[in-house]
Amino acid sequence: DISKDVGEWISWWPIGTNVLVYPLMRLGLTIAASIRVLAAVALIVGSIGFGFWLRVFRLPQWLAIALAISIPWIRYANISLFQYAAEGLVFAVCPWLLVGAYRLRSRWTECHEENLWFLFGFGCLLGLAYWLKYSAVFISAGILVHLTIAAWKQRGRGWKDLTVVSGTFIS
């Protein structure tokens, strides 16, 4: 329960939580305050990410706004504000994984080369999902399977990009 400022070890969480909380603690915040800040930032980053993800579907503006406002109220999106759970970090990273996969696949469809730095960054983000919450690796794996099928359907276009992204993800 993070409503109380009680020192408690968070070592049972994936390492991503510890790595993200540590700099805040070095700034002088307590562990409870650090986790509250992390949870709030994750909720904001995830909400922005879902806003970008909703744009992919070209929804009517009123519906996109209603969804962007309501998605953060889903229990697993905001639970970390009240009782810390790594689901808040998954909420923060997953929409960006989906947006990145959509961008990469769109570039292949339009026959454009993707920036090498984007490919490395996207591969790192796919791998980072595991460090934020172990089960988030299934999202990353699903995206890689989707991109593999898309590259195959594009008659091999995108294999180089997929190799860079997958190699970065694995390492």
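Glu87 is partly exposed, at 21% relative accessible area (buried is under 20%, exposed over 50%, partly exposed in between, with a 1.4 Å probe and protein chains only). This is a predicted model, so local features need pLDDT of at least 70 and side-chain atom pairs count only at pLDDT 80 or more, while totals for chains, interfaces and linings use all residues. Residues are numbered from 1 along each chain as its sequence is written, and side-chain values use heavy atoms, with hydrogens and water left out.

**Salt bridges**

- The structure has five salt bridges, each being a side-chain nitrogen of Lys or Arg within 4 Å of a carboxyl oxygen of Asp or Glu.
- One of them pairs Lys133 with Glu87 at 2.5 Å, N to O. Lys133 sits in the loop between α6 and α7 and Glu87 in helix α5, so this pair links parts 46 residues apart in sequence. (Helices are DSSP runs of H or I, at least four residues, numbered from the N terminus.)
- Another joins Glu114 to Arg103 at 2.7 Å, N to O. Glu114 is in the loop between α5 and α6 and Arg103 in helix α5, so the two tie together parts eleven residues apart in sequence.
- Glu114 is buried at 6% relative accessible area, whereas Arg103 is partly exposed at 37%. Shared partners link Arg103, Arg107 and Glu114 into one salt-bridge network.
- Lys160 and Asp161 also make a salt bridge, at 4.0 Å, N to O. Asp161 is buried, with 4% relative accessible area.

**α5 against α7**

- These two helices pack at about 10 degrees, with axes 11 Å apart; the axes are lines fitted to C-alpha atoms over the stretch in contact, and angles run from 0 to 180 degrees between N-to-C directions.
- That makes α5 roughly parallel to α7, a label for angles under 35 degrees.
- Residues making the contact (heavy atoms within 4.5 Å) include Leu97, Leu104 and Trp108 of α5, and Ile143, Leu147 and Ala151 of α7.

- Ala151 lies in α7, residues 137–153, and counts as buried because its relative accessibility is 0%.
- Among the residues Ala151 touches are Trp108, Trp159 and Leu162, leaving aside residues up to four places away in sequence. Ala151 and Leu162 are 7.9 Å apart, C-alpha to C-alpha.
- Leu162 is one of the buried residues of α8, as are Val165 and Phe169. The cover over the buried residues of α8 includes α5, α6 and α7.

Note on methods. Angles under 35 degrees count as roughly parallel, over 145 as roughly antiparallel, 65 to 115 as roughly perpendicular and the rest as oblique.
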